[in-house]
Amino acid sequence: MASGKSMPFSSLHPNPTGGRKPRNLGAFIARVQAERGFRNVTENSLKQEVADRKNGFTQVPEEPTCTADGDDEADPTDAVAARVEVLRNIDIAHNAALMTLDFVSLLLSKESPAQAGVTLSLQLREWTGIGTLGIAKREDNDEQKQRDADRAKDNRDISLGWALIDIYKTKDSADKAASHLSKEIEREERYWGEVLAVHQAGWSMCRLPAERHTLGVKLGFAEV
């Protein structure tokens with residue numbers, strides 16, 4: 001018999017495993033979620049489950065079945081009611097469109113009977129006939145015409161008033177510009193008159209080197 005040193009294991013007993021109780025709250029929640037989940041869990045249901053286990057009766061919870069798209073199957077009664085409602089709305093819209101077409105066709109039949117007769121229904125044509133409905137612009141009475149004339153006159157007066165205001169503003173601007181220009185002309189005339197008087201007196205004039213826009217007078221003898 002081989003000694004204990006030559007054997008890879010000193011004992012053939014399995015390794016001890018931990019208890020089935022969860023070690024912490026997270027492990028307990030994970031176990032409950034995996035076994036049954038927390039949906040539809042009430043105090044009464046838990047008491048009933050404990051009583052059933054004591055009596056030796058266990059109930060396997062049924063797993064909810066899902067359709068291909070993950071939604072619960074709709075009630076057939078609701079589907080039929082929705083279909084009837086949709087068909088009823090389509091019928092109402094169709095009748096409204098036909099009535100509108102008949103009305104417009106009958107309205108146009110007075111002016112273009114051949115064109116309107118194509119879309120006019122046979123029942124309405126036999127009942128009312130062609131050209132029995134028309135439309136025309138109502139002629140205004142004398143009072144309405146007078147109001148329109150007064151309103152047009154007021155609009156013309158207002159437009160004329162605004163035009164006169166703009167003309168007066170333009171005239172004032174032109175007067176201010178003319179006054180400013182007249183003052184500038186007087187200044188220029190006085191300036192060049194003084195320059196001419198100095199030049200006629202025999203003084204030599206030139207522009208200052210540092211200020212090219214300023215005229216100066218040379219004093220003394222001219223350099224040879």
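How many residues apart in helix H6 are Asp 148 and Arg 151?

1. They are three residues apart, about one turn of the helix, and both lie in H6 (helices are DSSP runs of H or I, at least four residues, and strands runs of E, at least two, numbered from the N terminus). This is a predicted model, in which local features need pLDDT of at least 70, side-chain atom pairs count only at pLDDT 80 or more, and totals for chains, interfaces and linings use all residues. Residues are numbered from 1 along each chain as its sequence is written, and side-chain values use heavy atoms, with hydrogens and water left out.

2. The structure holds six salt bridges (a side-chain nitrogen of Lys or Arg within 4 Å of a carboxyl oxygen of Asp or Glu). One of them joins Asp 148 to Arg 151, with the closest N and O atoms 3.1 Å apart. Asp 148 is partly exposed at 31% relative accessible area (buried is under 20%, exposed over 50%, partly exposed in between, with a 1.4 Å probe and protein chains only). Arg 151 is partly exposed too, at 46%.

3. Lys 171 forms a salt bridge with Asp 175, the closest N and O atoms being 3.1 Å apart. These two residues are four apart in helix H6, so about one helical turn separates them. Lys 171 has a relative accessible area of 49%, and Asp 175 has 40%.

4. Tyr 168 lies in helix H6, residues 142-200, and is exposed at 53%.

5. Thr 214 sits in the loop between strand S1 (204-207) and strand S2 (215-218). At 24% relative accessibility, Thr 214 is partly exposed.
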